[in-house]
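Me: I'm new to this one, could you walk me through it slowly?
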Amino acid sequence: MDVPPSLPAAPSRFIDRLRMFIRSRNMAYATEKTYVHWVLRYIRFHGRKHPQTLSASHVDAFLSHLAVHKH
């Protein structure tokens with residue numbers, strides 16, 4: 001059975017806050033998993049920098065990388 005992980009009452013980690021936001025919108029758990037997957041992939045692509053420190057050019061670089069190298 002696919003069960004969502006529990007979250008702290010006041011999440012401080014970025015991914016936990018993302019999960020909390022998704023759950024507050026009553027989105028499906030499959031949607032949550034997909035969003036978290038892509039956000040983690042984006043963070044890892046940029047050397048584990050916090051998304052708050054990244055700009056639109058970083059999004060462009062990630063999307064270009066996906067288009068050119070991952071088809």
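What follows is a chat that goes from the overall fold to single residues.

Me: Before anything else, what kind of model is this, and how are residues numbered?
Reply: This is a predicted model, in which local features need pLDDT of at least 70 and side-chain atom pairs count only at pLDDT 80 or more, while totals for chains, interfaces and linings use all residues. Residues are numbered from 1 along each chain as its sequence is written, and side-chain values use heavy atoms, with hydrogens and water left out.

Me: Ok, how many helices and strands does the protein chain have?
Reply: The protein chain has 3 helices and 0 strands, and its elements run α-α-α from the N terminus on. Helices (H or I, at least four residues) and strands (E, at least two) are DSSP runs, numbered from the N terminus.

Me: And what does the C-alpha trace span?
Reply: Along its principal axes, the C-alpha trace of the protein chain spans about 35 × 25 × 20 Å. Of its 71 residues, 21% count as buried, where buried means under 20% relative accessible area, exposed means over 50%, and partly exposed lies in between (1.4 Å probe, protein chains only).

Me: Which residues make up the largest nonpolar core?
Reply: That core has 5 residues, namely Ile15, Leu18, Ile22, Val36 and Ile43. Helices α1 (14-24) and α2 (29-45) each supply at least two residues of this core, and the largest share, 3 residues, comes from α1. A nonpolar core here is a set of buried Ala, Val, Leu, Ile, Met, Phe, Trp, Tyr and Cys residues joined through side-chain atoms within 4.5 Å.

Me: Staying with α1, is Asp16 buried or exposed?
Reply: Asp16, which is placed in helix α1, is buried, because its relative accessible area is 11%. Its contacts, apart from neighbours within four places in sequence, are Leu7, Pro8 and Pro11.

Me: Changing topic, how do α2 and α3 cross?
Reply: The axes of α2 and α3 come within 10 Å and cross at roughly 100°, so α2 is roughly perpendicular to α3. The contact is made by Trp38, Arg41, Tyr42 and Phe45 of α2, together with His58, Val59, Ala61, Phe62, His65 and Leu66 of α3.

Me: How do those words and angles work?
Reply: Axes are lines fitted to C-alpha atoms, for helices over the stretch in contact, and angles run from 0 to 180 degrees between N-to-C directions. Angles under 35 degrees count as roughly parallel, over 145 as roughly antiparallel, 65 to 115 as roughly perpendicular and the rest as oblique.

Me: What about aromatic rings, which ones cluster?
Reply: Trp38, Tyr42, Phe45 and Phe62 form one aromatic cluster, and the count comes to 3 aromatic pairs. One of these pairs is Tyr42 with Phe62, which is edge-to-face at 5.5 Å centre to centre and 80° between the planes. This pair links distant parts of the chain, since Tyr42 is in helix α2 and Phe62 is in helix α3, 20 residues apart. Rings of Phe, Tyr and Trp (its six-membered ring) pair if their centres lie within 6.5 Å, with planes under 30 degrees apart counted as stacked, over 60 as edge-to-face and the rest as tilted.

Me: Are Tyr42 and Phe62 buried or exposed?
Reply: Tyr42 is buried, with a relative accessible area of 12%, and Phe62 is buried as well, with a relative accessible area of 6%.

Methods:
Contact means heavy atoms within 4.5 Å.
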